[in-house]
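This briefing covers selected local features of one protein model. Please keep the sequence and the structure open while reading.

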Amino acid sequence: MLITTFLIKAVGNEVKIKNFSGFYVRDFFLTTLEEYNPRLTSMLHPAGMPALYSTSPLLTPFKKGLKPVYRKTKGPVIYAKITVLREEPVTQILNAISQKNELVLDESKIALTSISVSSTLLPEEPTSNKPIRRFIIYFKTPCLFKRKNKQSPYHPPIPNPKVIFGNLTRIWNSISEKHIPNEFLRWIDNNGISIITMKVKTKKVHEHSDAAKLVKAFTGQTLFQVNDKTDTKQYARITNTLLKLAEYTNIGRNRTAGFGMIGYKEKTNGET
């Protein structure tokens with residue numbers, strides 16, 4: 001399973017923006033595809049299926065890495081990532097992005113200076129990774145999960161393992177012929193993974209780029225543990241595979257607009 005990431009570099013002065021910067025990255029990407037070949041947008045988001053791409057928000061250099069931009073770019077160098085989960089359209093997408101020379105941020109524009117491309121090969125078999133027992137997830141950008149409930153359309157803003165791994169299973173099954181069995185989700189529902197410690201904070205974010213409505217999301221970090229049960233080793237392998245996938249796909253609502261960016265790290269039993 002080939003995953004391709006486009007890292008876009010831009011240069012510009014400090015710009016204040018009206019919304020979360022991930023919305024601008026998604027708008028840039030979709031507009032670029034529509035102008036180049038409208039079929040690409042439907043290819044990357046089939047009806048009734050999870051989107052086969054994700055984006056980061058705008059990113060600015062910070063210490064040894066990059067940190068998300070919320071409402072103000074500090075310049076002069078800004079980055080954005082676009083990740084594609086299908087191999088076939090990669091060349092067309094690169095050609096389309098290469099034809100653009102600016103990124104629009106409300107009334108301002110920043111110049112695009114370069115694009116670099118990297119690829120990652122994930123195994124087709126979800127049980128091919130080593131089992132993971134304890135791990136910490138870093139929720140780098142706001143995370144929120146939608147549910148089928150008109151009175152309360154979003155899950156509470158906490159890192160619920162049932163919701164997280166249910167979301168990731170759906171993404172995996174949409175891109176791989178080797179589907180994760182329903183038994184894995186039943187295992188999750190039966191407390192197969194539990195929270196050890198949690199340090200998160202809630203943040204109100206816009207539901208859509210043009211919506212006035214604000215909804216609660218969360219960021220922070222949480223330590224999880226795979227509990228000892230029947231078939232734990234097999235499911236611990238699947239858990240590790242889904243965590244690796246999540247670092248490219250993001251998780252939850254608006255993952256195509258830079259929401260739900262995560263990182264993770266395995267912890268040994270002696271670590272806290």
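The model is predicted.

**Helix α5**
- Helix α5 spans residues 182-189, and its buried residues include Phe-184, Trp-187 and Ile-188.
- Viewed down the axis of α5, the buried residues fall within an arc of 100°, so they line one face of the helix.
- The cover over these buried residues includes two helices, α4 (161-175) and α6 (232-249).
- Strands β11 (193-206) and β12 (214-226) are also among the elements that cover the buried residues of α5.
- After α5 comes Asn-191, which has a positive phi, near 70°.

**Surface patch**
- Ile-158, Ile-195 and Met-198 make a nonpolar surface patch of about 250 Å².
- Ile-195 belongs to strand β11, a strand that is also part of the cover of the buried residues of α5.
- Ile-195 has a relative accessible area of 35%; a residue counts as buried under 20% and as exposed over 50%, so Ile-195 is partly exposed.

**Thr-73 in strand β6**
- Thr-73 lies in β6, a strand made of residues 72-73.
- The relative accessible area of Thr-73 is 0%, so this residue is buried.
- Which residues is Thr-73 in contact with, leaving aside its neighbours within four places in sequence?
- Thr-73 is in contact with Asn-13, Glu-14 and Val-15, and also with Leu-58, Ile-78 and Leu-105.

Note on methods:
Residues numbered from 1 in each chain as written. Predicted model: local features only at pLDDT ≥ 70, side-chain atom pairs only at ≥ 80, totals over all residues. Heavy atoms only, no water. Buried < 20%, exposed > 50% of the residue type's maximum accessible area, 1.4 Å probe, protein only. Helix = DSSP H or I, 4+ residues; strand = E, 2+ residues; numbered from the N terminus. Arc of directions from axis to C-beta. Contact = heavy atoms within 4.5 Å. Patch = residues over 30% accessible without salt bridge, like charges linked within 9 Å, V, L, I, M, F, W, Y side chains within 5 Å. Areas by Shrake-Rupley, 256 points an atom, 1.4 Å probe, with all protein chains shown as cover. Salt bridge = Lys/Arg side-chain N within 4 Å of Asp/Glu carboxyl O.
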